[in-house]
Each structure stands twice: as structure tokens, then as C-alpha cells.
Amino acid sequence: MEVDRDGLEVLDRSECMRLLRRASLGHVGINSGSLPRVLPVVYSLDQSGRILIRTNVGSKLDAAVQDAVVAFEVDDFDARHESGWSVVATGVAHTVDDPGAPRRLGARCAGGDGRVVAITPEMITGRRLPPAGTDGGGHREHP
Amino acid sequence: MSTHDAHTGIEWLDREECLALLAGDEIGRLAVLDGGTPVIFPVNYRLDGSAIVIRTDPGTKLDDGPRGRACFEIDHFERAEHTGWSVVAVGRLEEVTKYDRSHEHVQSLPVAPWAGGEKAHWMRLVPDRITGRRVGPAKRA
């Protein structure tokens with residue numbers, strides 16, 4: 001198993017996609033007028049692996065994602081065991097021009113006024129930190 | 001005092017409540033721009049006053065962050081109940097070097113990255129804007 005310089009397990013693309021499919025709450029990183037912003041969003045993955053999120057016309061998110069490169073992050077951490085994983089995808093976002101798209105997103109992506117934005121992940125990286133005391137987690141030393 | 005948007009059901013949290021939520025957590029997400037492209041990192045942190053203190057190794061956060069703008073986010077959602085909150089802080093990211101007056105104080109903070117690596121560089125995000133939102137039933141005092 002590949003490990004990065006911080007001792008974190010490096011997840012391959014298929015494991016990253018599996019984790020992306022499992023979760024439903026993520027974070028979009030945008031360049032909003034030359035300022036970085038990170039916003040929590042509910043999302044869904046379509047069959048081709050695009051990340052779909054609902055947004056409001058005229059919102060900060062809507063304005064910043066028009067054919068722009070965005071970052072998308074999903075994670076799950078367990079403070080008790082100081083463990084968890086994160087997946088970061090980078091890709092171009094664009095508005096989905098399909099009236100049926102909001103409906104297919106389902107109830108968990110309810111809200112917004114019907115605009116759906118799709119992010120096509122071009123680069124996907126993932127890391128996992130196993131619970132302390134398990135294999136791969138024993139290198140942690142707090143000063 | 002927090003304000004409630006009757007149309008969306010979103011409660012806007014005041015600065016004091018945002019700071020209390022930031023003080024009660026230890027892991028969040030830092031976003032910086034790397035040549036214009038947004039990048040997100042999960043980081044361990046501690047709140048120091050209203051500043052978010054993190055430790056890092058040389059890399060994007062240190063190279064592009066210092067004197068630059070950054071955004072930090074924490075949240076907690078209950079998926080089953082459709083409730084949750086998020087806090088977003090936007091401000092200036094700077095390295096706390098040994099020439100900084102508060103260097104010693106900052107280095108005494110219990111910022112303990114779960115990941116390995118030396119993480120000898122201490123950085124702080126000094127927010128000029130902190131916003132928070134809560135969805136779902138209001139918190140009972």
C-alpha cells in the first residue's frame with residue numbers, strides 16, 4: 001500500500017469513487033472574485049461519475065462555477081480515534097442544461113431553485129488515516 | 001443574536017456562536033487558491049481568540065497561503081434528521097515565525113495533527129469575516 005510523506009494511506013481512484021458514492025455531503029472550493037471559498041453542499045454522483053449539486057441562480061456558488069475549475073472535497077473523521085479519510089476532486093464545473101436533472105437528483109438534494117451544477121472530476125486524490133494503533137497508524141507521534 | 005430566515009428555514013448564527021462552535025472542534029477544511037485554482041485541505045486546528053491556528057510542512061499552504069487569502073470551514077450535519085450547521089471564516093493566512101510577538105504563545109497551543117510529518121511551520125488564519133448557518137430545529141438552550 002502506498003503511503004505519503006505524512007504516513008497517510010494513498011487511495012486509488014476506484015476507492016475514491018467508491019467513497020464519493022457512499023457519502024452525500026461534500027465541500028465545494030471556489031475562486032470567488034480571487035478569494036478562496038469553501039461551502040458545504042449536498043451532492044449526488046451520476047452514472048458517469050460526475051458530481052451533481054443543486055444551487056440557486058445568482059448565488060455565490062452559482063456565479064463562481066460557470067465553466068470554472070473547482071475543488072470538491074468529501075471527508076469523514078472520527079475524533080475519538082483520530083482517524084478518517086478524505087477525497088479531493090478537481091475539475092471543471094458547468095450548469096446542466098437538462099430540465100429533468102433536478103428531479104433525478106432526488107429528495108436528498110432538495111432545495112435550490114432547480115439549477116444543477118455538474119463537476120467532472122479530472123484529478124482525484126484520496127487519503128486515509130487508520131485508527132491509532134492499527135497497521136499504518138503507529139507512526140503518529142505528537143510532540 | 002442569531003437571525004432566522006423564514007423563507008429558507010436557515011438560521012444565521014452570530015459571531016459569538018460561530019466562535020463557540022470553532023472553539024469546540026479540532027478538524028476543519030482550509031481552502032486556498034493555488035495559481036487561481038481552489039484547493040481544499042482537511043486540517044487539525046485550534047482556535048486562538050478568533051484566529052485559526054494550524055501546523056504544516058512546506059507545500060501549497062505555506063507557498064501560496066502566506067499573506068494570501070484563505071477560507072476555513074467546519075460543519076456538523078445529522079443526515080437522518082436533515083439538521084446541521086456550518087461555520088465559514090474568511091481572512092488572511094500568515095505564518096507565525098519566530099519574529100512574531102505571539103510566536104511562543106501560538107506554539108504552546110495544543111494543535112496536534114493526526115497525520116505524521118514534522119509540521120514545524122505554524123500558521124494562522126486571521127478572519128475578517130465569520131459566518132455561520134444552521135438548518136433544522138433551533139438549538140435549545
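Student: Is B:His82 buried, partly exposed or exposed?

Tutor: This is a predicted model, in which local features need pLDDT of at least 70, side-chain atom pairs count only at pLDDT 80 or more, and totals for chains, interfaces and linings use all residues. Residues are numbered from 1 along each chain as its sequence is written, while chains are lettered from A and ligands numbered from 1 in the order in which they are written. A residue is buried if 20 or more other C-beta atoms, placed from the backbone, lie within 10 Å of its own, exposed if 12 or fewer, and partly exposed in between. B:His82 has 14 other C-beta atoms within 10 Å, so the class is partly exposed.

Student: Where does B:His82 lie, and what is its phi?

Tutor: Helices (H or I, at least four residues) and strands (E, at least two) are DSSP runs, numbered from the N terminus. B:His82 lies in the loop between S7 and S8 of chain B. S7(B) and S8(B) form a hairpin with 4 residues between them. B:His82 is a residue other than glycine with a positive phi, near 60 degrees.

Student: Is A:Glu82 buried or exposed?

Tutor: A:Glu82 sits in the loop between S5 and S6 of chain A, and its phi is positive, near 50 degrees. Within 10 Å of A:Glu82 there are 21 other C-beta atoms, so the residue is buried.

Student: How many bridges join S7(B) to S8(B)?

Tutor: Two strands pair if DSSP finds at least two bridges between them. S7(B) covers residues 68–78 and S8(B) covers residues 83–95. These strands run antiparallel, and the number of bridges is 11.

Student: Which residue in S7(B) is the bridge partner of B:Ala31?

Tutor: Strand S3 of chain B, residues 27–34, pairs with S7(B) in the antiparallel sense over 4 bridges. The bridge partner of B:Ala31 in S7(B) is B:Cys71.

Student: Why do the buried residues of H1(B) line one face of the helix?

Tutor: Helix H1 of chain B spans residues 15–23, and its buried residues are B:Cys18, B:Leu21 and B:Leu22. Seen down the helix axis, they line one face because the directions from the axis to their C-beta atoms fall within an arc of 100 degrees.

Student: Which strands of chain B do the buried residues of H1(B) pack against?

Tutor: Contact here means that two C-beta atoms, placed from the backbone, lie within 7 Å. The buried residues of H1(B) pack against S2 (10–13), S5 (46–48), S7, S8 and S9 (121–135) of chain B.

Student: What is the radius of gyration of chain B?

Tutor: The radius is taken over C-alpha atoms, and the globule rule is 2.2 Å times the number of residues to the power 0.38. For 141 residues a compact globule would have a value near 14 Å, which agrees with that of chain B, 16 Å.

Student: Which element gives the most to the side of chain A that touches chain B?

Tutor: The contact takes 29 residues from chain A and 27 residues from chain B. On the chain A side, the elements that give two or more residues are S2 (25–32), S3 (35–45), S5 (68–78) and S6 (83–95). The element that gives the most, with 6 residues, is S5(A).
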